Amino acid sequence: MTMPHHALEITLTRPPHPRRPRHATNRQPLAPNHDATRLMALLPAKTPGRAAHRLRQRLDTRLPIDVITTHYPDASGQILLNVAFSPTTHATLRHAADSAGQSLELFVKLALHRALAQHASDEADRLDQAVHHLLTGTTPAHLLAAVGHALTRTPGAAPC
């Protein structure tokens with residue numbers, strides 16, 4: 001039986017020293033973006049969680065890893081998020097999860113879902129206000145035409 005491979009993305013909040021990604025690729029082949037703050041890796045493992053854990057074990061001392069995620073969503077549209085918390089943050093989260101009567105994983109998952117839902121709601125409200133502001137100076141048809149033009153314009157092309 002062949003082991004499935006999982007595409008994982010490593011996010012770094014700061015670019016590593018130029019030699020660090022090269023040094024890390026000795027342990028694990030990596031594909032970096034232009035400034036090496038996002039790296040892709042392909043690992044064989046039974047589950048995405050095991051692949052992320054193995055990747056963190058291989059590279060944690062070689063790169064300043066902040067987050068590891070699965071690059072593709074699973075069948076239910078979810079991605080795996082692998083975050084290493086500092087001991088203080090871990091203890092704080094553990095206390096809050098215990099107070100809420102939840103496992104640490106469930107507590108963090110629900111908090112993340114709430115934060116993402118709030119962000120989506122805030123963004124929808126912000127866009128709604130911006131559209132209403134734009135409609136005070138033009139008609140809906142003109143605004144729709146301008147949005148269509150902006151969305152179909154080639155990035156970097158000279159304005160018409």
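Reader: What makes the largest nonpolar core a core, and which residues touch the most other members?

Author: In this predicted model, the largest nonpolar core has 15 residues. Such a core is a set of buried residues of nonpolar type joined through side-chain atoms within 4.5 Å. Leu8, Ile10, Leu30, Leu55, Leu59, Ile65 and Ile68 touch the most other members. Two or more residues each come from strand S1 (5-11), strand S3 (38-44) and helix H2 (48-59). The largest share, 4 residues, is that of H2.

Reader: Which residues of H2 are buried, and how do you know that they line one face of the helix?

Author: Ala51, Ala52, Leu55, Arg56 and Leu59 are the buried residues of H2. Seen down the helix axis, they fall within an arc of 130 degrees, so they line one face.

Reader: How do the ends of H2 compare with the expected span?

Author: H2 has 12 residues, and its first and last C-alpha atoms are 16 Å apart. At 1.5 Å a residue, 16 Å is expected, and the value is close to that.

Reader: Why is Leu12 called buried?

Author: Buried means under 20% relative accessible area. Leu12 has 4%, so Leu12 is buried. Its place is in the loop between S1 and helix H1 (19-24).

Reader: What is Leu12 in contact with, leaving aside its neighbours within four places in sequence?

Author: Leu12 is in contact with Ala36, Thr37, Leu39, Pro64, Ile65 and Asp66. Ile65 is 53 residues from Leu12 along the chain, yet their C-alpha atoms are separated by 5.3 Å. Ile65 is also one of the core residues that touch the most other members.

Reader: Why are H3 and H4 called roughly perpendicular?

Author: Angles of 65 to 115 degrees count as roughly perpendicular. Helix H3 (residues 87-100) and helix H4 (residues 104-135) pack at an angle of about 95 degrees, with axes 9 Å apart. H3 and H4 are therefore roughly perpendicular to each other. On the H3 side, the contact is made by His90, Leu93, Arg94, Ala96, Ala97 and Ala100. On the H4 side, Leu104, Phe107 and Val108 make the contact.

Reader: What span should H3 have, and which residue follows the helix?

Author: The 14 residues of H3 should span 20 Å at 1.5 Å a residue, and the end C-alpha atoms are 20 Å apart, which agrees. Gly101 follows H3, and its phi is positive, near 70 degrees.

Reader: How many helices and strands does the protein have, and in what order do the elements run?

Author: There are 5 helices and 5 strands. From the N terminus on, the order is β-α-β-β-α-β-β-α-α-α. Buried residues make up 22% of the 160 residues.

Technical notes. Residues are numbered from 1 along each chain as its sequence is written. This is a predicted model: local features need pLDDT of at least 70, side-chain atom pairs count only at pLDDT 80 or more; totals for chains, interfaces and linings use all residues. Side-chain values use heavy atoms; hydrogens and water are left out. Buried means under 20% relative accessible area, exposed over 50%, partly exposed in between (1.4 Å probe, protein chains only). The expected span of a helix is 1.5 Å times one less than its number of residues. The arc is that of the directions from the helix axis to the C-beta atoms. Axes are lines fitted to C-alpha atoms, for helices over the stretch in contact, and angles run from 0 to 180 degrees between N-to-C directions. Angles under 35 degrees count as roughly parallel, over 145 as roughly antiparallel, 65 to 115 as roughly perpendicular and the rest as oblique. Contact means heavy atoms within 4.5 Å.
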